[in-house]
Amino acid sequence: MDAHPKRIGFLSFGAWHPSAGMTNSAAEALQQTIELAVAAEQVGIDGAFVRVHHFARQLSAPFPLLAAIGARTSRIEIGTAVIDMRYENPLYMAEDAAVADLIAGGRLQLGISRGSPEPAWHGAEAFGYALDSDDVRRKTEIFRAATAGAGVVRADAGGRPSDMMLPVQPQSPGLSERIWWGSGTRESAAWVGEQGMNLMSSTLLLEDTEVPFDELQAEQIGIFRDAWKAAGHTGTPRVSVSRSVMPITSDLDQRLFGADANEDQVGWLDGALSRFGRSYTGAPDQIAAELAQDAAVEAADTLMLTVPSQLGVEYNAAMLATIAREIAPSIGWRAQTERAQR
């Protein structure tokens, strides 16, 4: 039996465009993300997560935003899904993450990874960092050690290095246990389990075995959990999957999403044949029945709902309320107040 209750959260890319939709500037994208987190908490949603992209009209600098969300909310988990470690300084990032987590009272769930293709050619190099995957894993090792309070630099002893090792400050207790890795393959899922991180799996996998996406993703989750156990880690790791869930309850919903095929797709991404998960679009009772049969949603403890951020706060808050009320119970989710009574 999974030790973690089923949770649902929203995942926003924070896309904005000067002349399209309800989000026309970076300022509006940031403010609307904060407002949506506040609204989501009010309707019982468990998490507010942001996707980080660089050199694009999307959210790019997560920690000021997460700190602002943390200051405006009191219960909801806040986090990233995911931060591309190719672009990060691991010690500076550890400081920023601790600050955001302390402001939020220990609610940060931080998703990191090697990242996905960006619009910039060698964008991480423009930030001053290498592109090598081994370098990303080394950065991750340093970051995790820093968040756990390890000494990372020698103290100065009158102009010479002493034997004392200094940790970064501030430290936020428990943050090191709330680091997740975004995995796109079964192989990397095994590595995540070995490392003792939590697992994030998105709506695409960088491989295809000609089985439905949810079954392939459920296999990935099983490999992760087996690797976690084999490595001797204690406790129960958390697992999240993301899905595009669009209940149709109005003519506007029908115009926007009614033509969705609701089928897996296969294509090339980042040099690999990849499988993209289906969307769930339709009447709430139809989605509830179909989502309850999703093998990976069943296997995970957290479902992240990708939101069409450019439709604005009011639209997305109403959509999340519909999902919480009419769809999420079908996968075993209960509002926090209901969980507390059990």
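Where is Phe-55 found? Phe-55 is found in the loop between β2 and α2.

## Basis of the model

This is a predicted model, in which local features need pLDDT of at least 70 and side-chain atom pairs count only at pLDDT 80 or more, while totals for chains, interfaces and linings use all residues. Residues are numbered from 1 along each chain as its sequence is written, and side-chain values use heavy atoms, with hydrogens and water left out.

Helices (H or I, at least four residues) and strands (E, at least two) are DSSP runs, numbered from the N terminus.

## Aromatic pairs

A pair of aromatic rings is described by the distance of the centres and the angle of the planes. Rings of Phe, Tyr and Trp (its six-membered ring) pair if their centres lie within 6.5 Å; planes under 30 degrees apart count as stacked, over 60 as edge-to-face and the rest as tilted. By this rule there are five aromatic pairs. In one of them, the ring centres of Phe-55 and Phe-127 are 5.8 Å apart and the planes stand at 80°, so the pair is edge-to-face. Phe-55 lies in the loop between β2 (47–50) and α2 (62–72), and Phe-127 in the loop between α4 (123–126) and α5 (133–147), so this pair ties together parts that are 72 residues apart in sequence. Ring pairs also link Phe-55, Tyr-87 and Phe-127 into a cluster.

Phe-55 is partly exposed, with a relative accessible area of 48%, and Phe-127 is partly exposed at 39%. Here buried means under 20% relative accessible area, exposed over 50%, and partly exposed in between (1.4 Å probe, protein chains only). The rings of Trp-181 and Trp-191 have centres 5.0 Å apart and planes at 70°, so this pair is edge-to-face. Trp-181 belongs to strand β7 (residues 179–182) and Trp-191 to helix α6 (residues 186–195), 10 residues apart. Both Trp-181 and Trp-191 are buried.

## Cavities

On a 1 Å grid over the protein atoms alone, a cavity is a set of points where a 1.4 Å probe fits but cannot get out; lining residues have an atom within 4 Å of a point. Grid points are joined across faces, edges and corners, and a volume is the space filled by probe spheres set on the points. There are two cavities of 30 Å³ or more.

The largest cavity has a volume of about 70 Å³. Its lining includes Ser-12, Thr-23 and Asn-316, and α1 gives the most to this lining, with four residues. By class, the lining has three nonpolar, seven polar and no charged residues. Ala, Val, Leu, Ile, Met, Phe, Trp, Tyr, Cys and Pro count as nonpolar, Asp, Glu, Lys and Arg as charged, and the others, Gly among them, as polar. The second largest cavity has a volume of about 40 Å³, and Pro-170 is one of its lining residues. That lining divides into six nonpolar, three polar and no charged residues.

## Backbone details

The peptide bond from Gln-169 to Pro-170 is cis, with omega near 5°. Pro-170 is in the loop between β6 (161–166) and β7. The bond from Ala-81 to Val-82 is cis, with omega near 5°, and Val-82 lies in strand β3 (residues 77–84).

Phe-55 is not a glycine, yet has a positive phi of about 60°. Asn-262, not a glycine either, has a positive phi of about 55°. Asn-262 is buried, with a relative accessible area of 17%.

Key. 1 Å grid on protein atoms, 1.4 Å probe; cavity = no way out; pocket = protein on both sides within 12 Å on 5 of 7 lines; lining within 4 Å.
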